[in-house]
Amino acid sequence: MTTQPFQLGTLPTLSRSTVDRQESLRADPERLLTRWPSARVVLLDDTGRTPVPFGETALATRKAAAYGDRPPAEATFLGEWQGVDYWGLPGAPDGEVEPVPMRGSWGVTDSAPGADGEVWLDLRGHGDLLDDTSAGLFTTALALRNWHRRARFCARCGGQTRRIQHGWAAVCDACGREEYPRTDPAVICLVHDDSGVNGERVLLARQPNWPPHRYSVLAGFVEAGESLESCVTREIREEVGVEVSDVRYLGSQPWPFPRSIMLGFAARADPAAPLRPADGEIESALWATRAELRETFANSQTRNGDAVPTPIGGGAGRMLLPGNSSIARIMLESWTHAHP
C-alpha cells in the first residue's frame, strides 16, 4: 500500500454549520419581518457566552416574539435552518447564577455560570460539545458581535456608525461610508520531519503566557502583500528558526477571537536543524514522536477528569495538546493516525 500525505480526518469543530446564510435572505426585509414572530434568538452575554441546557448539545434559543413585534436595532440575522430564522441578540442569565464545573479546552476543569437548568458556555472552550447547527450559529453570532464592537466609528472620518443589512454591514451617518465584517487570515502549520511521507516526529512549541505543559503547532497572522505559503515559511523561521519545505494546504476554521480564520497547512523540516525559539514569543520548542502524541491523546479522550500531561523526551518534560475546539487538535490527531 502506498502511503499518502495525511489530510484532515474530520471537519474542524467550528467549521461545522447547517444554516443557510446566503445574502438574499438578509436582503429581504419584508420576509424577515414577516417571519420574526416564529424566529429563534441566540443570546450572547458580555463575555461571548451562550446558554445550553444541561447535558444537551443544542443551544437554548429564545422565542423572537419575546423581544418585540419586530427585530430590535441590535439584532443580527444569522440565517435560516429547517424553516426557522435565527437571530443574535445580547443577553444574560435571568435567574440566580451558580458556578458549574465544566471541563473545557486543554482538558482543564473550570466553572461556567449556570441558571434555570442552563449553563452559559464559551465557544473556544466548549464549541466541540455542540451539534453542527449550534456550532455554526454560535460561531457566526460571536464573529458578528466582535466585529460590531470594533466598528462603532468610521475608519474614514471618525463618525459614529449604525448597523444596516440586519447586522451584516455598518454605515457612517457623517460621510456615508459602508463597512463590512472583517476577517483576519492566520496560518497554522503542522511541521513534521522529513522521514518518509508523513514523518515520524512533529514540531511543537509553547508560548510563555500559556498554562503549564501546553504545546501546539505554530501559527501567525498573514501580513499585507504576503501569500499564505510565504507566511508559513516566514512564521516558522521567525518563531523557531527552522526552514520548511513542501508547504501544502489542509483546511480552514473560523476563529472569532476576535475575527480570524485559521488556514491550516502542513510542511516538512529537518529535525537536525537547531531550534531557536523567538525571544518573548516562544518559550520552548521540541520534536515529539507519534507514540508520544498517541499517549497524550489517550489521556484526554474523556471529559470525566482533567487531562494528564504526558511525559515527552524520555520524561524530560510534560505535554498537553490543544482542545477539541481548535483546528490544531484535528491537525495533530490526523497526523498521529497517518502512516509514516
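How many of the 10 residues of strand β12 are buried? In this predicted model, local features need pLDDT of at least 70 and side-chain atom pairs count only at pLDDT 80 or more, while totals for chains, interfaces and linings use all residues. Residues are numbered from 1 along each chain as its sequence is written, and side-chain values use heavy atoms, with hydrogens and water left out.

As for β12 (residues 184-193), 9 of its 10 residues are buried, so the strand is largely enclosed by the rest of the structure. Buried here means under 20% relative accessible area, exposed means over 50%, and partly exposed is whatever falls in between (1.4 Å probe, protein chains only). Strands and helices are DSSP runs numbered from the N terminus, with at least two residues (E) for a strand and at least four (H or I) for a helix. Two strands are taken to pair if DSSP finds at least two bridges between them. On that basis β12 pairs with β16 in the parallel sense, over 10 bridges, and Val 187 sits opposite Leu 263 of β16. β12 is also joined to strand β14 (residues 218-221), this time antiparallel and through 4 bridges. There, Cys 189 has Leu 218 of β14 as its bridge partner.

A disulfide is a covalent bond between the sulfur atoms of two cysteines; the working cut-off is a pair of cysteine sulfur atoms within 2.5 Å. By that rule the model has 0 disulfides. Cys 172 is in none, its nearest cysteine sulfur being that of Cys 157, 3.5 Å away. Cys 189 is in no disulfide either: the nearest cysteine sulfur belongs to Cys 231 and lies 9.9 Å off. Cys 189 is buried too, with a relative accessible area of 2%.

Next come the charged pairs. Side chains of opposite charge can pair when their charged atoms come close. Counting a salt bridge as a side-chain nitrogen of Lys or Arg within 4 Å of a carboxyl oxygen of Asp or Glu, the total is 19 salt bridges. One of them joins Arg 31 to Asp 85, with the closest N and O atoms 3.1 Å apart. This pair links distant parts of the chain, as Arg 31 belongs to helix α2 (residues 29-35) and Asp 85 to strand β5 (residues 84-90), 54 residues apart. Both Arg 31 and Asp 85 are buried.

Another salt bridge brings together Arg 206 and Glu 283, at 2.8 Å from N to O. Arg 206 is in strand β13 (residues 201-206) and Glu 283 in the loop between β16 (260-269) and β17 (284-289), so this pair ties together parts 77 residues apart in sequence. Arg 206 is buried at 6% relative accessibility, whereas Glu 283 is partly exposed at 46%.

Arg 234 and Glu 226 also meet in a salt bridge, 2.6 Å from N to O. Arg 234 is buried at 11% relative accessibility, and Glu 226 is buried as well, at 18%. Together with Glu 223, Glu 235 and Glu 238, these two residues are linked in a network of salt bridges.

Finally, there is Ser 334, located in helix α7 (residues 327-336). Ser 334 is buried, with a relative accessible area of 10%. With contact meaning heavy atoms within 4.5 Å, Ser 334 touches Phe 6, Gln 7, Leu 8 and Gly 9, leaving aside residues up to four places away in sequence.
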